[in-house]
Amino acid sequence: MTKRNTIQRQLVIAAVRFLADHPTAEEVYDRITMEYPDISKGTVYRNLNSLVESSLLGKVSVPSGADRFDHILTRHYHIKCTHCGMFMNVEDMDYIEGLDEKVGEVTGFKMEDHDIVFNGVCPECQKLEAKEKN
């Protein structure tokens, strides 16, 4: 069954694309309510999940953090700064094809998918740390 392209769905997609930094559901809601204050949080959350189910948006599960939403649908990796929380794509790194199958072979799991989020300290936070030490 095809989902209708409602104004709410359009607003959610537009907000994720505008924010472009892998926003959380709360950040998408906050962005939309700037122009459409009457939209409910439930409507935004339902539409985010529906768009993910329809493969029109991606969802990145972040351990010990809120899920993030992505408008880039090609497979890629993400990195999060452990100091400031910046979350971004890992650019110029090839996606490892067949990783799910390899993990499945080793573990006996029937693999469905995976999210890899690298953690580290971003260049800006490194500069701040260096300044604080001097």
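**Reading strand pairing, a helix face and aromatic pairs**

Colleague: Which residue of S5 stands opposite Cys81?

Modeller: Gly120 in S5 stands opposite Cys81. The model is predicted. Strand S3 (residues 78-81) and S5 run parallel and are joined by 4 bridges.

Colleague: In what order do the strands of the open sheet lie?

Modeller: The order is S4-S3-S5, with 3 strands and mixed pairing. Strand S4 (87-89) and strand S5 (117-120) are the edges, each pairing on one side only. Direction ignored, neighbouring strands are turned by 30° against each other on average.

Colleague: Why do the buried residues of H2 line one face of the helix?

Modeller: An α-helix has 3.6 residues a turn, so residues three or four places apart point the same way. In helix H2 (residues 25-35), the buried residues are Ala25, Val28, Tyr29, Ile32 and Thr33. Seen down the axis of H2, they fall within an arc of 130°, so they line one face. Their cover includes helix H1 (7-19), helix H3 (41-53) and strand S2 (68-70).

Colleague: How many aromatic pairs does the count come to?

Modeller: Ring centres must lie within 6.5 Å, and planes under 30 degrees apart count as stacked, over 60 as edge-to-face. The count comes to 2. Tyr77 and Tyr95 are stacked, at 5.1 Å centre to centre and 20° between the planes. Tyr77 lies in the loop between S2 and S3 and Tyr95 in the loop between S4 and helix H4 (99-107), so this pair ties together parts 18 residues apart in sequence. The rings of Tyr77 and Phe118 have centres 6.0 Å apart and planes at 75°, so that pair is edge-to-face.

Colleague: Is Tyr77 buried or exposed?

Modeller: Tyr77 is buried, at 2% relative accessible area, whereas Phe118 is partly exposed at 33%.

Methods. Residues numbered from 1 in each chain as written. Predicted model: local features only at pLDDT ≥ 70, side-chain atom pairs only at ≥ 80, totals over all residues. Heavy atoms only, no water. Pairing = 2+ DSSP bridges. Helix = DSSP H or I, 4+ residues; strand = E, 2+ residues; numbered from the N terminus. Axes fitted to C-alpha atoms, helices over the stretch in contact; angles between N-to-C directions. Buried < 20%, exposed > 50% of the residue type's maximum accessible area, 1.4 Å probe, protein only. Arc of directions from axis to C-beta. Contact = heavy atoms within 4.5 Å.
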